[in-house]
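Hello,

Here is the structure I said I would pass on. My notes on the strands and the packing follow below it.

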Amino acid sequence: MQQKLKRIAGGNWGISPIHRRTLYKTVIERMLAHGSSAWCLNPTFKMKRKLSSIQRPFLLHISGAHSTTPTAALQTILGIPSLQMQLQFEARFTSIYRLRISVPSNITDIQLQDLEMKATGWPIHPSEHLKPNQISLEDGEVNIARKDIINIFTDGSKTEHGVGAAVCVLTNDIWAYQWSAKLNDNNMVFQAELTALHEAVIYASHLPNHNTSKIHVDNRASIMASSNSKSTNETARKIFKILLTNPRIKVSWVKEHADNISNERADQMAKDATQHGQPYSLTKLAKPLIKGLLRKSMLEEWETSWNNGDTVRKI
């Protein structure tokens, strides 16, 4: 692979450095990362030196720098961490998220039991599916004039104060029901949107059978996840099962911040819930959070290594 890269890129000719970097990250680094979760959780000094010697010629080809340029300088210039750091980051993530094993890292405030689990297996029989009119991803206008439809509005919000979710129900021009909660500060907006939608379908499922409920959501991703029978998100699966057994419940996308008073009310309730909402602890911490914390830990380790190094300080 190194020789092939050398043939298509020289110091001042060939494909651009951006494309060289992309090839390295998506092809070469992925080949070297094979099985790293098993062998690079605690790399030895000998392994670190070997990985560094493998990575160095690729960094030279990507940057087009002189062959005497220190490896630490090449990594910093290109923004590519050392191979052992990158592979150790991936091994730590697998140990924490997939194997539920604590590893030495800077994310000591995260408990393993608080992490979101990836749902596995088939939730329902493949032949079962939602009714075609139950899900709408087109911008659906809210018709409050129809008295035979109960309009339910949901929203999730994340501010500097935290994460909140809210549900409000409009019946006969009056607010018949309101619900809001404050999630963990480390939860994502997508999780807040799903939590609000879950509470909405639970409320709608307990209404009399002659009532048709229409849930208005301004987040398409949460609708798509909830209508997907193969979703690996636990909350999305729960929503799907309720919708499957209650065909009178419909979910429709509505454009946010489009001067829709009802949707704006749900949005304001979600924002208020980030500060004053009742604590809601049922939603676990998501996969991107763990990756972000581990990546931050890796960058701090890289910064410390650079500050303590003596090979490129003068440069």
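β2 and β5 run parallel and are joined by six bridges (strands pair if DSSP finds at least two bridges between them; helices, H or I, at least four residues, and strands, E, at least two, are DSSP runs numbered from the N terminus). One of these pairs I149 with T212 in β5. β5 is also parallel to β6, with five bridges, and here H216 has S252 in β6 as its bridge partner.

This is a predicted model, in which local features need pLDDT of at least 70 and side-chain atom pairs count only at pLDDT 80 or more, while totals for chains, interfaces and linings use all residues. Residues are numbered from 1 along each chain as its sequence is written, and side-chain values use heavy atoms, without hydrogens and water.

Beyond neighbours within four places in sequence, V251 is in contact (heavy atoms within 4.5 Å) with L197, I215 and L243, among others.

L130 sits in the loop between α6 and β1. L130 is buried, at 12% relative accessible area (buried is under 20%, exposed over 50%, partly exposed in between; 1.4 Å probe, protein chains only).

Regards
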